[in-house]
Amino acid sequence: MEKVLRAEKLTHTYSGGDPVIEDVSLSLSRGELYGVVGPNGSGKTTLLKILGGIIKPLKGHVEIRGKVGYVPQQIFVEEHFPATVKELITAVGGRASYDVLAQLHLHTIWDKRFVDLSGGQKKIVLIGMALSIKPSVLLLDEPTAELDVHFRKHILVFLKELSRQGTAVLMVSHDINFILTNADRVMVLCRKVEFEGSPTKAGEAVKRVFGMGVTVE
Amino acid sequence: MSEVAVLNLIIVSLTSSILGVPLVLKRLSLLGAGLSHSALGGVAIAYLMGLSPLPTTLIYTLLMGILIYTLSSRGKVSGDAVIAVLFTSGVALGILVLGDHSHSEAHLSEAILGEPFKVSWYDLILSIFLLLLTLLFILRLRNHLTLLCFNEDLAVSYGIRVDMVAYSLLILSSLSIVLAVKVVGVLLASALFVIPAMTSLFLVSGFGRAVLLSSAVSLICTSAGVIITERTGFQPGGVVVFALLLMFMASFLFNQVRSRLQ
């Protein structure tokens with residue numbers, strides 16, 4: 001399978017302190033659904049930001065074929081932030097963004113301000129912004145956080161369809177069950193890589209890192 | 001007021017109101033107040049060294065603006081703390097140099113209250129040039145600016161050179177603040193940036209529309225201010241800011257009523 005992302009021995013510290021992540025390597029193939037789980041402070045978001053080009057790692061390097069779409073967990077904007085969904089998505093992808101409209105059923109909220117949307121709608125818009133650049137790799141930080149059952153299901157179906165069409169999807173989450181149930185491959189991260197492989201074999205590492213067992217539904 | 005002074009006041013207000021929208025959205029509303037007060041330091045240095053006040057203050061304020069953003073964006077010191085330090089340093093320098101000699105007190109008074117009637121063609125040309133630069137900046141980099149104000153991390157991930165956009169905004173704002181200080185004084189300069197921007201943000205959706213409405217609010221209030229000044233002889237700066245405040249209050253109330261009805 002064609003590799004679209006390859007990261008080698010990533011190490012990063014903030015302000016010269018202890019490493020937040022150390023010697024983390026991973027690769028993603030086209031159409032792969034990859035999950036990263038780990039407790040608070042395990043370096044998940046830092047890893048995602050490095051892969052998304054937001055943070056330059058102290059050591060190691062990242063190679064990506066094509067473009068990367070980054071979806072943060074949440075966006076806090078000024079209460080009266082005026083930008084509409086249309087403005088935000090076209091600001092990223094230009095005219096090509098109109099394809100995203102149909103894909104994500106954004107017609108009804110196209111002219112609404114981002115600040116007026118619900119948590120689920122905001123998440124969909126952030127995914128829409130990332131997709132409007134037609135990425136080969138989509139990075140999602142806590143894709144199911146603060147979403148109700150309806151939106152969780154909607155996003156999951158959408159991500160699976162996206163990976164079926166060839167986009168590599170990398171999700172980081174606290175939601176161990178969500179990741180272990182839906183990812184093709186998982187990484188258990190706790191500063192270093194504790195485990196990488198099939199979700200069915202991750203139980204031991206999850207128990208070690210989280211201090212509890214998880215039953216994959 | 002002479003035609004040159006009126007035109008200059010309108011153009012400076014217009015430029016400030018355009019730049020005010022991204023400044024408010026980037027949570028840099030206090031930057032205007034900080035830079036306008038620190039401009040007093042520039043006036044003091046110009047007086048002390050016998051230099052021409054406008055270019056010296058322009059350079060000084062520009063350097064202060066770059067310093068504020070560099071320190072706060074690198075996370076070395078929090079943004080409001082940097083602004084507070086430079087704000088008070090500028091005022092202290094101004095009082096120290098200009099407030100102690102009877103012949104320099106006029107400079108201090110002019111810097112604090114502005115000198116809207118002493119406008120030269122040189123000032124007007126500078127104001128027009130800055131307005132054109134600002135329009136070019138907003139039109140060319142509107143999408144980048146929207147994303148920068150939305151979320152810096154996201155903007156970086158889309159390959160936007162956020163430092164370039166942020167510093168451009170900062171340089172234009174610093175220059176605009178110095179021209180605003182000359183027209184309405186240190187105390188009122190930041191009002192020309194923040195009040196029309198906030199007024200428009202209460203009323204419209206869309207970044208582009210917010211910039212347009214902010215400009216319109218500024219144009220209406222400045223024109224009204226000029227007419228009232230002509231008839232009453234009040235200081236134009238105070239009248240314009242008062243007109244802006246009335247618009248702000250009206251839009252705030254309208255927004256409150258609209259929110260309750262929805």
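Predicted model: local features only at pLDDT ≥ 70, side-chain atom pairs only at ≥ 80, totals over all residues.

User: OK. In what order do the strands of the chain A sheet come?

Analyst: The order is β2-β1-β4, in an open sheet of 3 strands with antiparallel pairing. β2 (19-29) and β4 (59-64) of chain A each have a single partner strand and stand at the edges, so one side of each has no neighbour in the sheet.

User: How many degrees are neighbouring strands turned against each other?

Analyst: On average 10 degrees, ignoring direction.

User: And how many bridges link β1 and β2 of chain A?

Analyst: β1(A), residues 3-13, pairs with β2(A) over 7 bridges, in the antiparallel sense. Within these strands, A:L5 stands opposite A:L28 of β2(A).

User: Which helix packs on that sheet?

Analyst: Helix α1 of chain A, residues 44-51, which touches β1, β2 and β4 of chain A. Its direction makes about 125 degrees with that of β1(A).

User: Switching to chain B. What span should helix α1 have there?

Analyst: α1(B) covers residues 3-25, and at 1.5 Å a residue its 23 residues should span 33 Å. The end C-alpha atoms are 34 Å apart, which agrees.

User: Where does the kink in α1(B) lie?

Analyst: At B:L19, shortly before the proline B:P22; the kink is about 30 degrees.

User: How many residues of α1(B) are buried?

Analyst: 20 of the 23, so α1(B) is largely enclosed by the rest of the structure.

User: What comes just after α1(B)?

Analyst: B:R27, which takes a positive phi of about 55 degrees.

Notes:
Residues numbered from 1 in each chain as written. Chains lettered and ligands numbered in written order. Pairing = 2+ DSSP bridges. Helix = DSSP H or I, 4+ residues; strand = E, 2+ residues; numbered from the N terminus. Axes fitted to C-alpha atoms, helices over the stretch in contact; angles between N-to-C directions. Contact = placed C-beta atoms within 7 Å. Expected span 1.5 Å × (residues − 1). Bend = angle between axes of the 7 residues up to and from the residue. Buried ≥ 20, exposed ≤ 12 C-beta atoms within 10 Å, placed from the backbone.
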